[in-house]
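Visitor: I would like to learn how to read this model feature by feature. Where do we begin?

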Amino acid sequence: MKKVLVTGGLGFIGSHTAVELLAKGYEVVLADNLANTRPDVLDGIERIAGKRPEWVNVDLADQQQCGEFLAAHPDFDGIIHFAAFKAVGESVDKPLDYYQNNLGSLCLLLQYLRGRPECAFIFSSSCTVYGQADELPVSEGAPVKPAESPYGNTKQIGEEIIRDGVAAHGFKAIALRYFNPIGAHPTAAIGELPLGVPQNLVPFITQSAAGLRGALKVFGNDYPTSDGTAVRDYIHVVDLAQAHIVAMERMIDGRTAEDFEVFNLGTGQGSTVLEVIKAFERATEQKIDWDFAPRRAGDVIAAYADTKRAAEVLGWRASRSLEEAMGDAWRWQQSLGESDSSGATGGK
Ligand code: UD1
């Protein structure tokens with residue numbers, strides 16, 4: 001049985017990936033220090049998968065803790081690295097914490113790969129590396145633009161660190177650049193747990209519909225798009241989770257064409273903010289209160305993925321619709337108690 005480490009394994013995307021790995025028969029070890037999630041996510045994973053993976057509470061950015069953890073697990077066949085801070089606004093206020101946490105843990109994990117070239121490494125990157133791309137849909141060949149935030153910079157620098165490590169030390173890696181992950185597991189046993197007031201669109205919508213927040217502010221109505229609101233590519237988290245396994249298996253089976261590969265993960269479909277609201281209302285028969293508000297600093301006009309490379313090279317395509325994601329996000333929201341929703345941590 002192949003053994004896979006999922007860092008940030010109790011987070012939003014990590015927990016969904018753990019479920020998919022367990023379903024495929026992998027032995028799964030989760031590393032998570034609960035910086036932004038809760039231990040009962042493990043119960044949700046177990047409820048879906050029928051198995052409880054090993055979970056180690058370890059701070060991977062701490063050299064001693066990370067070293068001890070990895071020394072105790074010398075035999076991973078793959079590492080899927082999600083663990084990172086990810087709040088854009090917070091990263092502006094605490095840039096050094098972001099660099100230390102996100103890049104420190106990355107370097108320590110890459111050190112493990114030295115001398116273990118057979119261990120697959122998957123890095124959680126973001127379409128934020130493209131900024132406002134000059135051409136849409138955005139392909140992997142689009143230039144990386146200066147980052148808008150320290151968070152975005154940790155993804156860009158992270159990719160560069162990996163590229164240099166691969167060139168010098170002979171291990172292999174794949175970076176997956178996500179567009180906008182949303183939704184929850186269809187069982188409603190795991191999902192996104194945003195801390196405090198959600199900054200991202202879909203958790204705000206579900207909390208607003210649940211009566212936990214006021215009206216949604218739609219940031220900007222004068223973008224050059226079909227209805228004046230910004231366009232994003234919203235991808236169901238289960239589709240995203242499955243792509244990680246496809247990418248990892250490509251590495252484990254020795255099918256990579258280059259030692260460091262990059263793939264966009266999106267649906268290829270752009271949706272405006274107003275279209276997202278309508279999709280939610282259709283999927284759930286709930287009504288969303290919303291008002292227009294000024295543009296949000298740092299937002300791009302439009303971003304959606306060119307999915308050709310992922311389809312042709314990985315053989316992977318997203319298959320779940322925006323409505324499906326909205327229905328799943330809503331069922332997850334409803335499964336949370338009120339105190340859970342307003343005070344919980346975790347997330348995207
Ligand atoms: C954000 C981050 C991005 C990060 C991604 C995943 C910014 C500028 N970008 O992407 O770096 O990789 O999350 O964590 O924060 N919107 C509203 N009202 C709201 C919230 C959002 O109208 O209350 C709009 C936004 O203006 C945007 C769209 O909804 O047009 C999606 O926003 P969001 O979910 O925050 O994702 P991104 O900004 O695309």
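Guide: Begin with burial. Buried means under 20% relative accessible area, exposed means over 50%, and partly exposed is in between, with a 1.4 Å probe and protein chains only. By that rule Arg177 is buried, at 4% relative accessibility. This is a predicted model: local features need pLDDT of at least 70, side-chain atom pairs count only at pLDDT 80 or more, and totals for chains, interfaces and linings use all residues. Residues are numbered from 1 along each chain as its sequence is written, and side-chain values use heavy atoms, with hydrogens and water left out.

Visitor: Where is Arg177 placed, and which side chain does a polar contact join to it?

Guide: First, two terms. Helices (H or I, at least four residues) and strands (E, at least two) are DSSP runs, numbered from the N terminus. A polar contact is a pair of N or O atoms within 3.5 Å; within protein, one must be able to donate a hydrogen and the other to accept it, and residues adjacent in sequence count only if both atoms are side-chain atoms. Arg177 sits in strand E6 (residues 173-178). Its side chain makes a polar contact of 2.6 Å with that of Glu159. Contact in general means heavy atoms within 4.5 Å. Leaving out residues up to four places away in sequence, Arg177 touches residues including Ser125, Tyr130, Glu140 and Phe263.

Visitor: How do I read a nonpolar core?

Guide: In soluble globular proteins, nonpolar side chains tend to be buried together. A nonpolar core is a set of buried Ala, Val, Leu, Ile, Met, Phe, Trp, Tyr and Cys residues joined through side-chain atoms within 4.5 Å. Here the largest has 41 residues. Among those with the most contacts inside it are Leu21, Ile122, Leu176 and Met248. Helix H8 (residues 237-252) gives the most to this core: eight residues. Domain 1 and domain 2 both give residues to the core, so it lies between them.

Visitor: What does Ile122 touch?

Guide: Not counting residues up to four places away in sequence, its contacts include Ile79, Ile80, Leu176, Ala247 and Met248. A second, separate core has 28 residues, including Leu5, Val29, Leu103 and Ile162.

Visitor: What are the bounds of the two domains?

Guide: Domain bounds come from an automatic or database domain assignment. Domain 1 is 3-182 + 235-265, and domain 2 is 201-232 + 268-335. Their C-alpha centres lie 24 Å apart. The contact takes 25 residues from domain 1 and 22 residues from domain 2.

Visitor: Is helix H7 enclosed or open?

Guide: Nine of the nine residues of H7 (residues 201-209) are buried, so it is largely enclosed by the rest of the structure. Leu201, Phe204 and Gln207 are among them. Gly211 follows H7, with a positive phi near 85 degrees.

Visitor: Which backbone angles deserve a look?

Guide: Most residues other than glycine have a negative phi, and most peptide bonds are trans. Leu34 is not a glycine, yet its phi is positive, about 60 degrees. Leu34 lies in the loop between strand E2 (27-31) and helix H2 (41-49), and is partly exposed at 24%. Ala188 also has a positive phi, about 65 degrees. Ala188 is in the loop between strand E7 (180-182) and H7, and is buried at 14%. The peptide bond from Leu136 to Pro137 is cis, with omega near -5 degrees. Pro137 belongs to the loop between strand E5 (120-126) and helix H6 (150-169).
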